[in-house]
Structures are given as C-alpha cells and as structure tokens.
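Hi everyone, thanks for making time for this one. Please have a look at the chain on the screen, and then I'll walk you through it.

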Amino acid sequence: APPNRIAAVLIIIDPQGILRAMVYYPMSNGRSIDEFVRLVKAMQTSDKHKVATPENWQPGDKVIVPPPGTAEAAEARMNEGYECSDWYYCTKSL
C-alpha cells in the first residue's frame with residue numbers, strides 16, 4: 001500500500017496578510033499547541049524589538065541582538081551591557 005500522505009498543517013499569517021510560518025505534521029503524530037503559541041510570541045518579540053530568539057526561547061529569556069555593522073560598533077558593544085561570546089553574537093534581556 002502507498003504511504004499515508006495526509007498531513008496536518010499549521011499556517012501563521014500576520015495582521016498584514018504575510019505568511020510567517022507553515023508547519024506540516026503527519027496525521028500519525030501529535031502536534032504541540034504550546035510550541036505554536038511559543039512561536040507566535042517569539043515572532044511578536046522579534047518584530048517589536050528587532051531581535052532574534054534562540055531555539056526554545058520563552059518570554060523572559062535573553063534575545064539575540066543583530067550583529068554590529070562596523071568594527072567601531074562591535075568595540076562599543078562590549079561596553080553596552082550585552083553578553084557577547086564573540087563580536088557578532090550577543091544577547092540581552094528585554
């Protein structure tokens with residue numbers, strides 16, 4: 001018999017009508033509503049604060065700030081309260 005090709009799909013569209021996420025699951029496996037809620041909160045945080053969120057980010061966790069555009073900005077960043085593991089990867093609390 002051919003494999004089961006039926007899937008459940010979650011589509012997240014923002015208020016401007018832009019497709020932001022699409023997640024496919026096989027019908028034979030469960031979905032995590034908590035993960036979908038986390039994803040929406042992470043996208044809202046990214047949009048509002050112009051940051052990125054790491055894997056499994058939860059509200060209140062540190063966020064990733066965009067990399068600096070110049071060497072001077074990278075140097076300055078080291079004294080601006082960010083936690084940096086390198087010049088291009090820094091996190092902060094909101």
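Let me begin with a term: a disulfide here is a pair of cysteine sulfur atoms within 2.5 Å. By that rule the count is one disulfide. Cysteine 84 and cysteine 90 form it, with their sulfur atoms 2.0 Å apart. The link of cysteine 84 and cysteine 90 is right-handed, with 110° about the S-S bond.

A word on where this comes from: it is a predicted model, where local features need pLDDT of at least 70, side-chain atom pairs count only at pLDDT 80 or more, and totals for chains, interfaces and linings use all residues. Residues are numbered from 1 along each chain as its sequence is written, and side-chain values use heavy atoms, with hydrogens and water left out.

Back to our cysteines: are they buried or exposed? I call a residue buried under 20% relative accessible area, exposed over 50%, and partly exposed in between, using a 1.4 Å probe and protein chains only. Cysteine 84 is partly exposed at 28%, and cysteine 90 is buried at 0%.

Cys90 also belongs to the largest nonpolar core, together with Ala42, Val51, Trp57, Val63 and Val65. Such a core is a set of buried Ala, Val, Leu, Ile, Met, Phe, Trp, Tyr and Cys residues joined through side-chain atoms within 4.5 Å. Take tryptophan 57: leaving aside its neighbours within four places in sequence, its contacts (heavy atoms within 4.5 Å) include Arg38, Ala42 and Val63.

Now the wider layout. Helices (H or I, at least four residues) and strands (E, at least two) are DSSP runs, numbered from the N terminus. The chain has two helices and five strands, in the order β-β-α-β-α-β-β. The radius of gyration is 18 Å, well over the 12 Å that the globule rule gives for 94 residues, so the chain is more spread out than a compact globule. That radius is taken over C-alpha atoms, and the rule is 2.2 Å times the number of residues to the power 0.38. Along its principal axes, the C-alpha trace spans about 60 × 30 × 25 Å.

Finally, helix α1. Its buried residues are Phe36, Arg38, Ala42, Met43, Thr45 and Ser46, and they pack against β1 (7-13), β2 (19-26) and β3 (63-65). In the loop between α1 and β3 you'll find alanine 52, which is partly exposed at 34%.
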